[in-house]
Structure formats: C-alpha cells, structure tokens
Amino acid sequence: RNFQIMDISVVIPLYNEDESLPELTAWIERVMAANHFTYEIIMVDDGSSDNSWALIETLSTQNEHIRAIKFRRNYGKSGFQNAQGDVVITMDADMQDSPDEIPALYQMIMSEDYDMVSGWKKKRFDPKSKTIPTKLFNATARKFSGIHLHDFNCGLKAYKNKVVKSIEVYGEMHRYIPILAQQAGFTKIGEKVVQHRARKYGVTKFGGL
C-alpha cells in the first residue's frame, strides 16, 4: 500500500479474541463513516491460539482499511511503527472500549492540541481482584511521575502520531506510555471519562491488571 496521511489509525492488540472482532470492526467502520474520517485499523495478534489470526487475515483481504500484523512474542500494544494517522488511537479488542469515543478523542488531540489523551473508566465492571491492583498501580504511577491521570491502565488512549513514533513500547509497558511520553518531552497529557462496557465474549486476557 502507498504511504498516505490519514486522520486516524486505530491500533488493536489482541490475543484470542476471534468472537468479538467482526462486531468490533463493523462498529469502528460505522463511526468512521458517520464522521467522514480517513482511517486504518491495525490489528496486532500477540500469538493467539484460537482463530484470531485467520480471521484478521480474512478481514484485511475483505476491507482495505484493515491491516493484520503478527508478533511472535507478546508485544502488547505495539503496531505504532506502522501507524499513518495524524491521531493514533489504541483500544482493546474485547468490546469493553467503545468506538463511539473515537471522535471526541480525535478532537481533543487535533483541536485542543493534547499530545496524548488517556481514557478514564470512572464506572467499571471489573471484579475487586482486578480493580484493587489497578488502583495501587495508578496511585504509584501518579506519585512518581507527577502525571495526574486516574487510569494509566485504560486501553483506550489517543496520541499525536509523533508521540508514538518517539517511544518504544513492548508488552505490558503500554501502561507506562504516559510516563514514556512525558520523558520524551510530550507534556500536554489529558484524560477523558470513557464508558466501560461489561465484557461480552470470553474472559480477560491481558496480563491480569
């Protein structure tokens, strides 16, 4: 494909999420069409053992907006190196992040000039075993970085393209991206309250936190 500038790159890391992917991609397409965005969806398979890779390969042949990337090791929310959009948005594949949040996140980057915006799931549907470690992590990260985000761990984030091109991210380090961005000189970091949807398919996969 020819390199081109576009509005949005959506990067979706996934591990054994074949049930949710067709519905998720259809939803993203509806949002993009309604807002007249030019876009790509980069699906990053982190070594799934289900049908996810075959499915995203099929989706990418059926839809020119979708690109499938496979990693041999668990690299988490990478795929950044290939992102062409002015704004890069990461979201989880499990349908707990809502694509309806995309336009507002895009506007915060483009109109309000944030370097990055992190989602904040103020109302969560997680079990206590998940929320307590997350709260501890967030409190520690706030204290040591001075970045006042409620939810470093939220998969739904938006970035200027130059931010993701300036940082190296592997595996579970995605939670530290706000700190890495700040260290790289990108200091205008905001947050937006986003909807946390109850999980529809399967079980939580990413790292327990």
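Figure 1. Strand β5 (residues 116-120) pairs with strand β6 (residues 157-160) in the antiparallel sense over three bridges; two strands are taken to pair if DSSP finds at least two bridges between them. Val117 has Ala158 as its bridge partner in β6. With strand β7 (residues 189-193), β5 runs parallel, joined by five bridges. The bridge partner of Trp120 in β7 is Val193. Helices (H or I, at least four residues) and strands (E, at least two) are DSSP runs, numbered from the N terminus. This is a predicted model, in which local features need pLDDT of at least 70 and side-chain atom pairs count only at pLDDT 80 or more, while totals for chains, interfaces and linings use all residues. Residues are numbered from 1 along each chain as its sequence is written, and side-chain values use heavy atoms, with hydrogens and water left out.

**Figure 2. The two covered faces of β5.** In a regular strand the side chains alternate between the two faces of the sheet. In β5, Met116, Ser118 and Trp120 lie on one side and Val117 and Gly119 on the other, and all are buried (buried means under 20% relative accessible area, exposed over 50%, partly exposed in between, with a 1.4 Å probe and protein chains only). The strand is thus described as mostly covered, with five of its five residues buried.

Figure 3. Pro178 lies in helix α6 (residues 177-183) and is buried, with a relative accessible area of 0%. Leaving aside neighbours within four places in sequence, Pro178 is in contact with Met116, Ile147, Leu149, Phe152, Lys157 and Ile189; contact means heavy atoms within 4.5 Å. Val163 is 15 residues from Pro178 along the chain, and the C-alpha atoms of the two are separated by 10.0 Å.

**Figure 4. Packing of helix α3.** The buried residues of helix α3 (residues 102-110) are Ile102, Pro103, Leu105, Tyr106, Met108 and Ile109. They pack against β1 (6-14), α1 (21-34), β4 (85-90), β5, β6 and β7.

**Figure 5. Contact between helices α1 and α2.** Helix α1 packs with helix α2 (residues 52-62) at an angle of about 30 degrees, the axes being 11 Å apart. Axes are lines fitted to C-alpha atoms, for helices over the stretch in contact, and angles run from 0 to 180 degrees between N-to-C directions. The contact is made by Leu21, Pro22 and Thr25 of α1 and by Ser52, Leu55, Ile56 and Leu59 of α2. These residues divide into five nonpolar, two polar and no charged (Ala, Val, Leu, Ile, Met, Phe, Trp, Tyr, Cys and Pro count as nonpolar, Asp, Glu, Lys and Arg as charged, and the others, Gly among them, as polar).

Figure 6. Most residues other than glycine have a negative phi, and most peptide bonds are trans. Asn16, in the loop between β1 and α1, has a positive phi near 55 degrees. At 17% relative accessibility, Asn16 counts as buried. Met95 is placed in the loop between β4 and α3, and its phi, near 70 degrees, is also positive. Met95 is buried, with a relative accessible area of 0%.
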